[in-house]
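This briefing covers one protein model, grouped by topic. The sequence and the structure come first, and the notes follow.

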Amino acid sequence: MLQPELKLRRDKIRSLMVSQGIDAALITCNANLIYTYGCVVSGYLYLPLHSPALLFFKRPNNITGEHSFPIRKPEQIVDILKEKGLPLPTKLMLEGDELPYTEYVRLAGLFPDAEVVNGTPLIRQARSVKTAIEIEMFRRSGMAHAKAYEQIPFAYYPGMTDIEFSIEIERLMRLQGCLGIFRVFGRSMEIFMGSVLTGDNAGYPSPYDFALGGRGLDPALPGGADKTPLKEGQSVMVDLGGNFNGYMGDMSRVFSIGKLSEEAYTAHQVCLDIQAKIASIARPGIPCEMLYNTAIDMVTQAGFADKFMGTGQQAKFIGHGIGLEINEAPVLAPRIKQELEPGMVFALEPKIVLPGIGPVGIENSWVVTNEGVEKLTNCNEEIIELS
């Protein structure tokens, strides 16, 4: 990662630190290290307001540079700061929503005279508006994602189960360069690469805050494919995360085993219409809740409100921010007053689940521009019949 880009990102965080009187940050969680240092290390990035960032690393042992210092334990950080003649912080922020309690207490204890505050919301705010280089990363990821999805029909053969289909698609994704890992913010959200859902499994309630659920293969990971056979007259939704360079693109496409009922094609078109409408009105300054309410009004008028974003358990959002993690700000949901800003990147996913048939709908990744939004994941959006 180029140093000017990293400095830009760090300065975004610093500008928010100034507004809250914070004079230093200690960053150690993977996604935040990628954002501020450019890669994952076992260690800590110390980010003061008025002097260069310092890296204190345990592993790997081959890091060099003027501002990099090998350590065995975090207690050495304070000694090195003092040796360098740097002032200790009076107000320090840690990743309070991400660190285990024991580690948070240990790091806070390094600076007994400092006020220690939770910096996770501030860092997530900085990350919610992407830089030009980050947006280019999304564009490249979107192209690789689309290239993999275009090959999906060739991975199908009659008699497959949903998990067998998923495995073949996962292979296509990996061959295009997908890193495989699906980074999610928060302790209660887990999934492997994404989900392939068919039939009534798409409406199976999940403990996770995803648009659709699925039973999964085991109670240890209750989500996604569950060995359901792909049957004539049922739909299959492919929703695998597009992490090709650290940035989590999101895209869903629908396939069918033979022809579907007329209701399915009608419902799918409703979702495409919702996407088109939201894309036409989304722009800087538009509140997230307005986009959600627009979708609800349209799906209600079309008669599919009881099947929108699930059946028995319905997700209460139609989109979410994406970035180094799959669930960043903004969230397109009711009562979310946050307004869109240029540089925000989000996934929009209006979906309908039809009992006995399965899921239909669409999901694409979008970047907010100065004038509106730009689609980042471009490939066929119609229901594709598998044969």
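The side chains of Lys 307 and Asp 306 form a salt bridge, with 3.4 Å from N to O; the term stands for a side-chain nitrogen of Lys or Arg within 4 Å of a carboxyl oxygen of Asp or Glu. The model is predicted, so local features need pLDDT of at least 70 and side-chain atom pairs count only at pLDDT 80 or more, while totals for chains, interfaces and linings use all residues. Residues are numbered from 1 along each chain as its sequence is written, and side-chain values use heavy atoms, with hydrogens and water left out.

**Salt bridges**

- Lys 307 is buried, at 18% relative accessible area, whereas Asp 306 is partly exposed at 47%; buried means under 20% relative accessible area, exposed over 50%, and partly exposed in between, with a 1.4 Å probe and protein chains only.
- Arg 124, Arg 127, Lys 130, Glu 325 and Glu 328 belong to one network, joined by salt bridges that share partners.
- The structure holds 20 salt bridges.
- One of them pairs the side chains of Arg 215 and Asp 226, at 2.9 Å from N to O.
- Both Arg 215 and Asp 226 lie in the loop between β7 and β8, so this pair ties together parts that are eleven residues apart in sequence.
- Arg 215 is partly exposed, with a relative accessible area of 42%, and Asp 226 is buried at 16%.
- Another salt bridge brings together the side chains of Lys 259 and Glu 385, at 3.2 Å from N to O.
- This pair links distant parts of the chain, 126 residues apart: Lys 259 is in the loop between β11 (253–257) and α8 (262–281), and Glu 385 is in strand β19 (residues 384–386).
- Lys 259 is exposed at 58% relative accessibility, and Glu 385 is partly exposed at 38%.

**Five-stranded sheet**

- Helices (H or I, at least four residues) and strands (E, at least two) are DSSP runs, numbered from the N terminus, and two strands pair if DSSP finds at least two bridges between them.
- An open sheet of five strands runs in the order β13-β12-β14-β17-β18, with antiparallel pairing.
- β13 (328–332) and β18 (373–375) are the edge strands, each with a single partner, so one side of each has no neighbour in the sheet.
- Neighbouring strands of this sheet are turned by 25° against each other on average, direction ignored; the axes are lines fitted to C-alpha atoms, for helices over the stretch in contact, and angles run from 0 to 180 degrees between N-to-C directions.
- Strand β17 (residues 364–368) and β18 run antiparallel and are joined by three bridges; Val 368 has Val 373 in β18 as its bridge partner.
- β12 and β13 also run antiparallel, with three bridges between them, and Gly 319 has Leu 332 in β13 as its bridge partner.
- A hairpin leads from β12 to β13 through six residues.

**Four-stranded sheet**

- An open sheet of four strands has the order β7-β8-β11-β19 and mixed pairing.
- β7 and β19 are at the edges with a single partner strand each, so one side of each is left without a neighbour in the sheet.
- The twist from one strand to the next averages 25°.
- Five bridges connect β7 to β8, which run antiparallel; Thr 198 has Val 236 in β8 as its bridge partner.

**Largest pocket**

- The largest pocket has a volume of about 440 Å³, where grid points are joined across faces, edges and corners and the volume is the space filled by probe spheres set on the points.
- On a 1 Å grid over the protein atoms alone, a pocket is an open set of points where a 1.4 Å probe fits, with protein on both sides within 12 Å along at least five of seven lines, and lining residues have an atom within 4 Å of a point.
- The lining has 30 residues, and the closest to the pocket centre are Asp 209, Phe 210, Ala 211, Phe 317 and His 320.
- β7 (194–198), β8 (235–240), β12 (319–321) and β13 are the elements that give two or more residues to the lining.
- The lining comprises twelve nonpolar, ten polar and eight charged residues, with Ala, Val, Leu, Ile, Met, Phe, Trp, Tyr, Cys and Pro counted as nonpolar, Asp, Glu, Lys and Arg as charged, and the others, Gly among them, as polar.
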